[in-house]
Amino acid sequence: MNPLSIAFFDSGIGGLTVLGSAARLCPQRNYLYYADTDFVPYGSKPRQLVRQRVIQAADFLVEKNIEALVVACNTATAVAIEDLRQRYSFPVIGMEPAIKPAIARNNGGKVLVMATSLTLQESKLSELLSSLDSEQQVERLAMDELVSFAESFDFDSAAVKHYIQERLSGLHLAEYESLVLGCTHFIYFKSCIAKLFARPVNIIDGNEGTVRHLFNSVPPAISGPTGLISFYSSGKEDDAERVAQLTPLLSFR
């Protein structure tokens, strides 16, 4: 079995969907998952504070003998990915809203990008839109409260549905052909969001591309039994009860 682990980091439970995709594709590897639950959500916090938290978490994971780090958080990627890549010699894989595949799939309709406020404000997203010459085709919508709902394991309550409906109420939903989920937490609300659109909409997230990039960046896995997954939250190993609560989310898609 590979002695090294691949680490996944997020502000909370959102990145579990990315880890789940990786573990299904390559189950024989060892994985670590770190959730910064003491500071979640990131999307409404000051940029510099988020950057500091991300670097602290990465430093903690480095001590666990890792071969790669996946920043399974669009907001953390936007504010700190370049710092992490300069700091470490191993592969550091980030996430960004999957706008490019959304545009490629469209036939003239608009693209709606849902993300946290901080992700939407960062220059990284503006630079991506400019490089794709898609500023007029893409619209942005902050959905910060979905992170808090997810962290409470509230995925389809009346309050969740009301919040989503209220945020979408000012948009002409029939104009959108694709929806980009630019926060890993938002994947838990995919079906709830889709029901509010006037027509079927392509819902795209960055998980598949991120996992593909990861396994193109590390040596092939050694054949062997299923590897281990260890969970941490804000620098402490999660207890058995918390792990039992988190594990089912690995298969949520």
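## Helix packing and local features

The axes of helix H2 (residues 47–62) and helix H3 (residues 74–87) come within 9 Å of each other and cross at roughly 45°. This description, like the rest of the report, concerns a predicted model. The crossing in which H2 passes H3 is right-handed. On the H2 side, the contact is made by Arg47, Val50, Arg51, Val54, Ile55, Ala58 and Asp59. On the H3 side, Ala76, Ala78, Val79, Ala80, Asp83, Leu84 and Arg87 take part. Sorted by class, this contact of H2 with H3 holds nine nonpolar and five charged residues, and no polar ones.

A further packed pair is formed by helix H1 (residues 16–25) and helix H10 (residues 207–217), with an angle of about 50° and axes 9 Å apart. H1 and H10 are therefore oblique to each other, and their crossing is right-handed. From H1, the residues Thr17, Val18, Ser21, Ala22 and Leu25 meet Asn207, Thr210, Val211, Leu214 and Phe215 of H10. The contact of H1 with H10 has six nonpolar and four polar residues, with no charged residue.

In general, two packed helices are described by the angle between their axes and the distance between the axes. The table sets out these values for both pairs.

| Helix pair | Angle between axes | Distance between axes |
|---|---|---|
| H2 and H3 | roughly 45° | within 9 Å |
| H1 and H10 | about 50° | 9 Å |

Aromatic residues provide another part of the picture. The count of aromatic pairs comes to 14. One aromatic cluster is formed by Phe9, Tyr34, Phe39, Tyr42, Phe60 and Tyr232.

Two features of the backbone complete the report. Most residues other than glycine have a negative phi, and most peptide bonds are trans. The peptide bond from Val40 to Pro41, however, is cis, with omega near 0°. Pro41 is placed in the loop between strand S2 (30–35) and H2. Asn65 is not a glycine, yet its phi is positive, at about 65°. This residue, Asn65, lies in the loop between H2 and strand S3 (66–71).

Note on methods
Residues are numbered from 1 along each chain as its sequence is written. This is a predicted model: local features need pLDDT of at least 70, side-chain atom pairs count only at pLDDT 80 or more; totals for chains, interfaces and linings use all residues. Side-chain values use heavy atoms; hydrogens and water are left out. Rings of Phe, Tyr and Trp (its six-membered ring) pair if their centres lie within 6.5 Å; planes under 30 degrees apart count as stacked, over 60 as edge-to-face and the rest as tilted. Axes are lines fitted to C-alpha atoms, for helices over the stretch in contact, and angles run from 0 to 180 degrees between N-to-C directions. Helices (H or I, at least four residues) and strands (E, at least two) are DSSP runs, numbered from the N terminus. A crossing is left-handed if the near helix is turned anticlockwise from the far one by less than a right angle, and right-handed if clockwise. Contact means heavy atoms within 4.5 Å. Ala, Val, Leu, Ile, Met, Phe, Trp, Tyr, Cys and Pro count as nonpolar, Asp, Glu, Lys and Arg as charged, and the others, Gly among them, as polar. Angles under 35 degrees count as roughly parallel, over 145 as roughly antiparallel, 65 to 115 as roughly perpendicular and the rest as oblique.
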